[in-house]
Amino acid sequence: MDRVILHSDLNNFFASVECRYDPTLWEKPVAVCGSKEQRHGIVLAKNQPAKLMGVKTGEAIWQAQKKCPELVIVPPHYDRYAKFSAAARGIYESYTDRVESFGIDECWLDVTNCRKSGEEIAEELRSRIKSKLGVTVSVGVSFNKVFAKLGSDMKKPDAVTVISRANFKDTVWKLPVTDMLGVGNSVYAQLHRYYIETIGDLANASPELIKRRLGKCGEAIQAYANGLDSSPVALVGESHPAKSISSGMTLPHDLTCDSEAKELIYYLSETVAAGVRKQGMRCTEVSVAVKDSKFERITRQKKLPVPIKSTFEIAAAAYSIFTENYSWNRSVRNITVGVSGLVPENSAVQTDFFSEDKARQRLEALDGAVDKLRSRYGSECLKRAIVMEFEGLTERKSFDEGEK
Ligand SMILES: [Mg+2]
């Protein structure tokens with residue numbers, strides 16, 4: 001018997017939540033943007049009126065304002081998004097114990113064993129979420145996860161799309177292949193060379209060619225295109241990712257200046273950032289705890305304008321927290337760098353704009369390469385220049401690692 005899988009996507013999630021907190025915004029074009037003050041602030045999310053004015057996720061604020069001078073800019077509130085996300089999950093979990101989050105605003109549900117049909121449940125979700133949370137969802141209904149996700153993208157906002165065995169060739173196959181889960185930029189670059197532009201092209205391409213060019217990943221995405229995705233929807237509570245990650249060190253000799261502290265902070269950030277990436281997450285908060293030579297402890301944290309995962313960005317955020325809050329009245333005995341507010345790295349809202357952000361992409365690609373080399377050859381095989389300086393410094397001091 002076929003499974004019945006739903007994919008529910010909260011529409012214009014960040015912007016919709018902001019409009020719930022300030023109802024005067026509903027009719028206006030609204031963009032949620034990181035760092036409003038900085039010239040480089042970018043659009044993280046926008047509501048429907050802004051979308052109609054051509055505002056795009058990932059573009060700079062000034063670009064968006066050129067197209068839409070009356071655009072209302074609001075800062076992100078990740079705590080609010082987390083609250084709404086959890087409330088939506090609560091509604092999903094009233095139907096089934098197979099509910100799997102994909103990013104903060106999307107979930108799969110396996111409702112195979114429910115009495116009602118998939119479409120009935122999808123319609124119920126749509127109206128329950130609208131009346132209980134005041135935001136809308138689009139829901140895809142299908143016999144596997146990949147097609148259910150495609151379905152939730154096809155009609156939105158506030159809509160239900162059914163992709164069945166009978167209609168998938170007519171509905172799904174004409175979509176661009178890049179709409180499908182698993183087809184990112186690098187995979188598409190390969191497919192494009194062989195004139196594979198739609199999901200149907202991929203479904204019907206020579207399996208030998210796909211396997212030769214793309215290996216296992218190619219076999220997987222070609223199976224998806226043919227409706228052969230049997231991956232299960234995870235059970236509620238199946239994975240328990242950490243809520244926060246930190247790394248700290250007590251030095252046998254105190255640190256006495258910013259440049260020493262900077263080196264330690266970069267060193268600790270390596271571990272923390274690798275932990276974030278290993279879980280497939282990004283963080284939205286960075287904290288720094290400092291213990292001084294009199295064992296007085298201060299902890300300061302900062303919410304980030306966008307979720308990050310690269311070592312460099314986490315370290316830079318941590319170091320700026322340090323310099324903004326520590327004035328060297330005493331020397332420093334211990335520093336701990338921590339991150340929290342973890343969100344899945346491929347949160348749907350973020351993917352577009354991260355791919356726009358070339359600098360971030362480069363940093364993340366570099367980290368990916370470093371992680372891979374380290375997992376193969378051990379963590380000592382590669383060191384960032386700043387960390388090597390730090391180790392030179394501490395070798396003389398022969399530090400030991402503590403307070404992990
Ligand atoms: Mg969404």
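Let's start with Asp9, which is buried, with a relative accessible area of 8%. Please keep in mind throughout that this is a predicted model. What does Asp9 coordinate? The magnesium ion, together with Leu10 and Asp105. Asp9 sits in strand S1, residues 5-10, while Asp105 sits in the loop between strand S5 (99-101) and strand S6 (106-110), so the pair ties together parts that are 96 residues apart in sequence. Asp105 is buried as well, at a relative accessible area of 4%.

Now to the strands around that site. S5 and S6 make a hairpin with 4 residues between them, and Gly103 in the turn has a positive phi of about 75°. These two strands run antiparallel and are joined by 3 bridges. S1 and S6 also run antiparallel, with 5 bridges joining them.

Is S6 enclosed or open? Of its 5 residues, 5 are buried, so S6 is largely enclosed by the rest of the structure. Glu106, Trp108 and Asp110 point one way from the strand, Cys107 and Leu109 point the other way, and all are buried.

Trp108 also leads us to a lysine. Lys145 is in contact with Trp108 and Glu100, and its partners beyond four places in sequence also include Ile5, Asp229, Ser231, Pro232 and Val233. Lys145 belongs to helix H6, residues 145-154. Is this lysine buried or exposed? It counts as buried, because its relative accessibility is 8% and the cut-off for buried is under 20%.

If you follow H6 onwards, you come to the loop between H6 and strand S8 (159-162), where you will find Lys155. Compared with the cut-offs, this lysine counts as partly exposed, at 45% relative accessibility. Leaving aside neighbours within four places in sequence, Lys155 touches Ser138, Val160 and Thr161. Lys155 and Gly140 are 15 residues apart in sequence, and their C-alphas are 8.7 Å apart in space.

Most residues other than glycine have a negative phi, and most peptide bonds are trans. The peptide bond from Lys156 to Pro157 is cis, with omega near 0°, and Pro157 lies in this loop between H6 and S8. Asp158 lies in the loop too, and its phi is positive, near 55°. Asp158 is partly exposed, with a relative accessible area of 22%.

Which other residue has a positive phi without being a glycine? Tyr195 is one of them, with phi near 60°. Tyr195 is found in the loop between helix H8 (185-193) and helix H9 (199-204), and at 70% relative accessibility it counts as exposed.

Let's move to the nonpolar interior. In soluble globular proteins, nonpolar side chains tend to be buried together. The largest nonpolar core here has 69 residues, and Tyr92, Ile129, Phe322, Ile335 and Val339 touch the most other members. Which helix gives this core its largest share? That is helix H11, residues 258-278, with 9 residues. The core draws at least three residues from each of domain 1 (1-160) and domain 3 (244-397).

Beyond its neighbours within four places in sequence, Phe322 is in contact with Asp258, Ala261, Ile265, Val288, Val290, Trp328, Val332 and Ile335. There is also a second, separate core of 23 residues, which includes Phe168, Ile199, Ala203 and Leu214.

Back to H11 for a moment. With 21 residues, H11 reaches 30 Å from its first C-alpha to its last, close to the 30 Å expected at 1.5 Å a residue. In H11, 15 of the 21 residues are buried, so the helix is largely enclosed by the rest of the structure. After H11 comes Gly280, with a positive phi near 70°.

Finally, the whole chain. The protein chain has 15 helices and 13 strands, and 49% of its 404 residues count as buried. Of the contacts between residues at least 6 apart in sequence, 66% join residues at least 24 apart. Thanks, everyone!

How values were computed. Residues are numbered from 1 along each chain as its sequence is written. This is a predicted model: local features need pLDDT of at least 70, side-chain atom pairs count only at pLDDT 80 or more; totals for chains, interfaces and linings use all residues. Side-chain values use heavy atoms; hydrogens and water are left out. Donors are N, O and S atoms within 2.8 Å of the metal (3.2 Å for Na, K and Ca); water is not among the atoms, so sites may look incomplete. Buried means under 20% relative accessible area, exposed over 50%, partly exposed in between (1.4 Å probe, protein chains only). A nonpolar core is a set of buried Ala, Val, Leu, Ile, Met, Phe, Trp, Tyr and Cys residues joined through side-chain atoms within 4.5 Å. Domain bounds come from an automatic or database domain assignment. Contact means heavy atoms within 4.5 Å. Two strands pair if DSSP finds at least two bridges between them. The expected span of a helix is 1.5 Å times one less than its number of residues.
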